[in-house]
Amino acid sequence: MKRFFIALLACTLIFGYCDVQAQSNNKGKAKTSQSSKDKKSKKGKKGKNSKKNEPTVQLTQLPYNSNDCIFAIPLSVDQTFGPTTAPQGAGRIMEVMADRRHPNLPEFEHNVVWYKFTVPYNGKLDIAVTQINPADDYDMLVYKYTDVYFSNHIQCNKVLPVAINMAKVDSANLVKPKKKEITPTGDAKADRQAKAELLKQQRQDQAKAAAMGTIGMYHEAEDIMLTKADTKTHIRSIDVRKNEVYYIMLDNATTNGSGHSIKVTIHVEAFEVPVTFYDPKARKNVDVNLTILEKNTNNRVIVQNEHFRGGRVKFVPGFNYTLYAKRDGYFSIFYDFSSDRFKEDTLLRMKLYRAERGTVYPISDIYFEDEYKLLPESDSILMNYVQMFKNHPDVTFTIKGWVKTYDVDREHDQLVSLERAKSVKEFFVKNGIPEENIKTSGMTPTDIKRAATAAFDTKKENENEFVKVQLIITGMSAKENP
């Protein structure tokens with residue numbers, strides 16, 4: 001019996017030691033596992049921080065019912081919609097389905113979204129669909145609206161699409177082309193010219209690619225229809241007329257696919273000019289809150305951008321436009337113009353003046369008769385300033401007149417400069433600027449002396465650049481700031 005107890009005690013001690021060893025090993029493993037997790041989490045955090053500064057794209061949420069024709073999303077011509085979330089499902093109604101007589105339609109709808117738009121003017125219809133994932137298999141059908149039973153007629157194939165693009169994605173087209181390079185000739189001037197031409201061509205190609213999108217309809221394409229047997233990406237534009245309404249069905253046949261952007265344009269021989277806003281004091285372009293309306297199409301909005309940093313805008317020949325731009329600390333711009341101005345101008349560069357005390361606006365290109373009587377040829381120039389102050393009726397300013405002088409008759413120069421200022425003030429008051437917001441002044445003896453010195457220096461003085469009057473911001477009106 002004694003031996004039995006001794007053996008039992010020995011076994012207990014052995015198993016206890018093994019259990020302690022196992023626990024210590026597990027603790028070591030736990031520590032190792034935890035340290036590896038910590039390392040991974042640190043790496044993960046590091047990775048997140050490294051992507052912190054990367055731009056994130058905000059996706060436009062597609063309405064849940066936009067996969068049915070009757071709930072089509074309205075598009076604004078010339079404005080991009082998206083990028084969107086991915087279309088989901090075929091909707092409550094299966095509107096489009098192939099049959100024996102119409103085998104080139106989709107067999108059934110997959111992941112659909114419907115759009116609609118109204119044509120603002122005659123031209124050729126371009127549609128650019130830019131897929132987030134180019135490998136997605138998007139199909140596009142374009143329908144012309146008929147009547148209130150339009151949606152029902154589509155279901156029965158009584159109304160057929162006027163354009164069909166169902167081409168499959170060609171993976172070969174997804175390979176980015178190699179960058180073109182010039183071969184040096186040894187002639188530095190010729191090489192620079194060739195490099196400039198190559199850069200210009202690359203920019204044109206990039207602009208064209210952006211205008212075409214991944215798939216869609218383009219006026220330079222050749223095919224009138226693309227079926228599943230085709231691997232091209234664009235069909236030829238169709239002619240459209242003002243006030244016609246069209247519907248677009250986009251169907252992503254790829255399971256768990258991605259979203260897209262879509263832009264509808266009406267191709268005409270238009271002016272596409274750079275539009276910028278320039279701060280003369282800072283001597284640089286600035287961004288603005290910009291709206292441009294097309295007056296010939298019931299004030300259709302062609303630009304709506306709270307942070308417009310400059311870019312090309314399409315203007316239709318013979319059309320009239322209204323531009324409204326604003327930025328904190330600056331005078332707003334309200335400008336009516338015709339696109340015909342671009343027959344000579346290659347850009348629209350608007351000066352943005354600061355609305356702060358002490359800011360001076362020199363005006364040189366106005367004209368006087370009998371030295372101080374304002375001529376009608378000056379109206380168009382001064383009206384720009386009239387509109388500027390109309391947008392800010394609380395701003396007060398002084399009109400200071402100037403003359404070109406050699407300091408021969410100082411009293412005469414002072415009188416003429418003051419009368420010029422009064423003549424311009426009369427124009428401003430006549431066109432709606434409150435008289436109490438305007439003061440006038442002429443040249444001081446010191447001004448005349450300095451002007452005479454400059455007049456004798458032919459290198460500095462230029463008759464065409466000579467300032468006739470200055471508008472000097474003095475503050476805010478007493479009505480606004482009691």
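Where is N157 placed? In this predicted model, in which local features need pLDDT of at least 70 and side-chain atom pairs count only at pLDDT 80 or more, totals for chains, interfaces and linings use all residues. Residues are numbered from 1 along each chain as its sequence is written, and side-chain values use heavy atoms, with hydrogens and water left out.

N157 lies in the loop between α2 (150-155) and β5 (163-165); helices (H or I, at least four residues) and strands (E, at least two) are DSSP runs numbered from the N terminus. Apart from neighbours within four places in sequence, N157 is in contact (heavy atoms within 4.5 Å) with M97, D99, H102 and L105.

N256 is located in the loop between β10 (245-252) and β11 (260-267). Its relative accessibility is 78%, and N256 therefore counts as exposed. A distance of 8.1 Å separates the C-alpha atoms of N256 and A86, which are 170 residues apart along the chain.

Helix α4 (residues 379-390) and helix α5 (residues 410-430) have axes that come within 10 Å and cross at roughly 60°; axes are lines fitted to C-alpha atoms, for helices over the stretch in contact, and angles run from 0 to 180 degrees between N-to-C directions. α4 is therefore oblique to α5 (angles under 35 degrees count as roughly parallel, over 145 as roughly antiparallel, 65 to 115 as roughly perpendicular and the rest as oblique). D379, L382, M383, Y385, V386 and F389 of α4 and V424, F427 and F428 of α5 make the contact.

Methods:
Buried means under 20% relative accessible area, exposed over 50%, partly exposed in between (1.4 Å probe, protein chains only).
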